[in-house]
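User: I am new to this structure and would like to go through it step by step. Could you show it to me?
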Amino acid sequence: MTSTTPRPRLVVVGHGMVGHRLVQAAVERGLTATHDVVVVGQEPRPAYDRVALTSYFAASGPEELSLLPSGSYDDPAVELVLGTEVTAIDRAARTVVLSDGRVLAYDQLVLATGAAPFVPPVPGHDLDGCFVYRTIEDLDAIRAAAGPATAGVVVGGGLLGLEAANALVQLGLETHVVEMAPRLMPVQLDEAAGATLVRHVEGLGVQVHTGVATESVSGTGRVDGLALAGGARIDAQVVVFSAGVRPRDALARAAGLEVAERGGVLVDEQCRTSDGRIWAVGECAAPGGRMYGLVAPGYDMAEVVVDALLGGAGRFVGADMSTKLKLLGVDVASFGDAFATTEGALELVFSDAVAGLYKKLVVSDDGRRLLGGILVGDASAYGVLRPMVASGIDLPENPEELILPASRGGAATGVASLPPEAQVCSCNNVTKATLLDRLGEAHPGPDGAEHHCEDVAALKACTGAGSTCGSCVGTVKALVEDHFAAQGREVSRALCEHFALSRAELFDVVAIHGYRSFDEVVAAHGTGRGCDVCKPTVASVLASLVNEHVLGDQRAVLQDTNDAFLANIQRNGSYSVVPRIPGGEITPDKLIVIGEVARDHGLYTKITGGQRIDLFGARVEELPVIWRRLVDAGFESGHAYGKSLRTVKSCVGSTWCRFGVQDSVQMAIDLELRYRGLRSPHKLKGGVSGCARECAEARSKDFGVIATEKGWNLYVGGNGGATPAHARLLAGDLDDETLVRYLDRYLMYYVRTADRLQRTAPWLDSLEGGLDRLREVVVDDVLGLGSELEAAMARHVATYVDEWSAVLDDPDKLARFVSFVNAPETPDPAVSFGTARDQIVPAGPVDLGATIAVGAPA
Amino acid sequence: MSATAPDQVRVPDDVTWVPVCPLDALAREAGVPALVRGEAVAVFRTHDDQVHALSNIDPVTGASVLSRGIIGTRGDEVFVASPLHKEHYALRDGRCLDDPTLRVAAYDTRVVGGEVQVGGRRPECPQ
């Protein structure tokens, strides 16, 4: 039975980050059980992550930034209307008018119209080549204009202006920043911090002009430069205005709602406007007359409104305007009373101009409480300092230790000192207590079943902490480690009962001491005789470092059965065989050989996802005969059995494809042959696409290479499987040589530092600093490891031999490939086959269905 | 718990010893498959040169594969890990160390004149 009374309707004007958050909260908190929701967005696409706007240039498309990739809400009560403007509100009739002519009745109306960039009315501000920096369309336009341009200038040296400058640098333009105030980021930084930031930014090639006003934009029809007060001039073909934002409150003004003196819809603590049925949230709102230009307060306002509509008493009483970000690779943070405006406030400053560090703490006059601070160059202490301000806990005895580098007597700032109510994630308002609860208590997980959060990834998914700006991930990680350590359940990175070391530590130990055997390693650093965890791990480390045959010198007994027999074991004890087909390219003659081998040995054949052919059903004693025929025809091992490089998949590329811009097949073959046989913590896959259409699905691989007009984009950390991950851009427009150099470094760094069975995506997540850190190591070479990693890869390439041929040439190794040592002529009767769809299939006593053992297969 | 199955009664004294291979051909901490009276048997040599034999059949999957497992230790117990799903079986008696409901048959072994031999299937030790 459906009710005849229509359900009350909530209309949300604006589908930006805050509008989206409001709808999410309405769905999650059950408001949609009683209300219909209509969201009207002006932009052509659903809400996206505007905070990460600059990463759009590195993204494959706008969907990568999307907050609603499916395009609709998973709740039939919510209707999303895009590409449509609300042109008027009729408060008396309780309707809104849409630009397509529709008139929508509302019971409750939420304005989430955001803000618009402020363009100073200087002459020439509307010439072609002038832009603002707010939407994906803005960025598309800037990118298009940057193509033929050589120089660009950003008017405004605030937070967003520096983001825009970063974008211009990424687009290859000579970049200038003009700021009227005497320093960069005048709202967040003091004089000395601004000066430190300028040195960093100029070091990256950006020319900074502070304390100077923009007189006019010059050019006839198109921009050709910027005239500054005092007569100076900057030649530029692109101008981006980033001189602040203004609340978009025109709709509210026209409807006669009260607005704040400096703009913004005036709202009370529940975010209610002067009309009791109309609410305003985010940048268009002015709670208590003040506008908040950050996303976190907007999210809070969205929650408050949903709470109020549910009858709750939530209040918005101001926000933490703390900021931490990485600008052009420089850490910058500003929090609390950064300018020491509190009466009697004292400042404690550490500055090192040579290292580019500036750190300031603002403390209360009794020296007991932290009031705020500024960090430039190293903001690692932010995660601990900001919550100290919010919670008002007592400062330690020597507060200067909080900002001194460890080498100068500084203490590691521990998360243990944070009180439970300390807000760890300010974007999503998650406290330390909430995080610890989720770690300790069973609670309903994403699938509805009870579960415990055991790691950072689970905690992120569960609480949202660290999922918006990411600046608190290090703190969350430290909390997880401390929590389990306190329980005696130390997040042990020990490999197994025989080794207290992690795989990465073991790698270092083996490298430093030059061990060549498991016996040496376990005698010096372990206990007992090893097991099925540490033995294959040590074998893999030895293979990565020394690259001798995996079955040589008593190493066969260390290998998992797949490596031990250089083939993939199947459920009935038979094996499958996969010859390497580099890049998926194969001649008809070679295809015929594979067919003949399969036919003659009665093997089941199937095309793999990695563009190769898998031959199933080989008995262990048949493997050498099969390899012999394949090797004689020019094949080699495809390492389908190893924790090692599998394939580098490719599309046909520019050779055949009318869209291709680079020869992806040649590149895939080159890369597959370079990295074949490389033993790694987990399997490795690659892909190369010849154009942005990405037919090779390269971004679902551990390394993905995608052709551009100018070269190659390199993506890292993707995989398919149970936890799919899209690879992310490490570097763009690389020539062949640089691509290979970065790949050498990336892969070797992974091989050296990842945990056992950790694929590149979780490894990347576990790196402190994530992708940015990897970029520092691989591209900027901040650790100075580049040449060492390249040399290690060069050694690997030089010492590669085909593992199958090497067995065929060695009677000792061949001896293991028998059915029975005392009856080599008798096939094992337990291995038997039936037939399905004209090919063999395992038969006999094997019944796996009900007996999958606990634990994931290795 | 229950009565032993008929094939788990003590082997007759006159059971023959089946030669497998020279001890030298059996690597330390490795296994080999052998055919013993028509059955697949996995024969292992430990780091301290003891020789053990278990049925080669993985009880979980029915596949004839245990000789290809990795040998290791848990505390003092020497085990073989099934290559299919990694259950651990004690070499001395075939008990599964992870699941008390699982076990594999163990066989007597001896080394005579440098040759490894497998004898009768051992009765299940009461547990």
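User: Where does R837(A) lie?
Analyst: R837(A) sits in the loop between β39 (832–836) and β40 (839–843) of chain A. Strands here are DSSP runs of E with at least two residues, helices are runs of H or I with at least four residues, and both are numbered from the N terminus. This is a predicted model, in which local features need pLDDT of at least 70, side-chain atom pairs count only at pLDDT 80 or more, and totals for chains, interfaces and linings use all residues. Residues are numbered from 1 along each chain as its sequence is written, while chains are lettered from A and ligands numbered from 1 in the order in which they are written.

User: Is R837(A) buried or exposed?
Analyst: R837(A) is exposed, because 6 other C-beta atoms lie within 10 Å. A residue is buried with 20 or more other C-beta atoms within 10 Å of its own, exposed with 12 or fewer, and partly exposed in between, the C-beta atoms being placed from the backbone.

User: What about the phi of R837(A)?
Analyst: R837(A) has a positive phi of about 50°, although it is not a glycine. Most residues other than glycine have a negative phi.

User: Which loop holds N547(A), and what is its phi?
Analyst: N547(A) belongs to the loop between α13 (534–546) and α14 (561–565) of chain A. N547(A) is not a glycine, yet its phi is positive, at about 60°. N547(A) counts as partly exposed because it has 19 C-beta neighbours inside 10 Å.

User: Now T655(A), please. Where is it?
Analyst: T655(A) is found in the loop between β34 (645–650) and α17 (664–675) of chain A. T655(A) is exposed, since 12 other C-beta atoms lie within 10 Å.

User: Which residues does T655(A) touch?
Analyst: Not counting residues up to four places away in sequence, T655(A) touches D663(A) and V665(A). Two residues are in contact if their C-beta atoms, placed from the backbone, lie within 7 Å. T655(A) and G690(A) are 35 residues apart in sequence, and their C-alpha atoms are 9.3 Å apart in space.

User: Stepping back, how many helices and strands does chain A have?
Analyst: Chain A has 23 helices and 40 strands. Of its 858 residues, 46% are buried. Among contacts in chain A between residues at least 6 apart in sequence, 61% join residues at least 24 apart.

User: And what is the make-up of chain B?
Analyst: Chain B has zero helices and nine strands. Of the 127 residues of chain B, 46% count as buried. For contacts in chain B with a separation of 6 or more, 43% come from residues 24 or more positions apart.

User: How many residues are in contact where the two chains meet?
Analyst: In chain A, 34 residues are in contact with 31 residues of chain B. The side of chain A that touches chain B has 15 nonpolar, eleven polar and eight charged residues. Here Ala, Val, Leu, Ile, Met, Phe, Trp, Tyr, Cys and Pro count as nonpolar, Asp, Glu, Lys and Arg as charged, and the others, Gly among them, as polar.

User: Which residues touch the most other members of the largest nonpolar core?
Analyst: In that core of 139 residues, they are L22(A), V110(A), L111(A), V239(A), V265(A), V281(A) and V305(A). A nonpolar core is a set of buried Ala, Val, Leu, Ile, Met, Phe, Trp, Tyr and Cys residues joined through C-beta atoms within 7 Å. Helix α6 (residues 295–309) of chain A gives the most to this core, with nine residues. Another core, of 82 residues, lies apart from it and includes C534(A), A564(A), L615(A) and V118(B).

User: What is V281(A) in contact with?
Analyst: Leaving aside neighbours within four places in sequence, the contacts of V281(A) include V18(A), L22(A), V110(A), M301(A) and V305(A).

User: Lastly, what is the strand order in the open sheet of five strands?
Analyst: The order is β3-β2-β1-β7-β19 (chain A), with parallel pairing. Two strands pair if DSSP finds at least two bridges between them. The edge strands, β3 (78–81) and β19 (278–280) of chain A, each pair on one side only. Four bridges join β1 (residues 9–13) to β7 (residues 108–111), both of chain A. In β7(A), Q108(A) is the bridge partner of L10(A).
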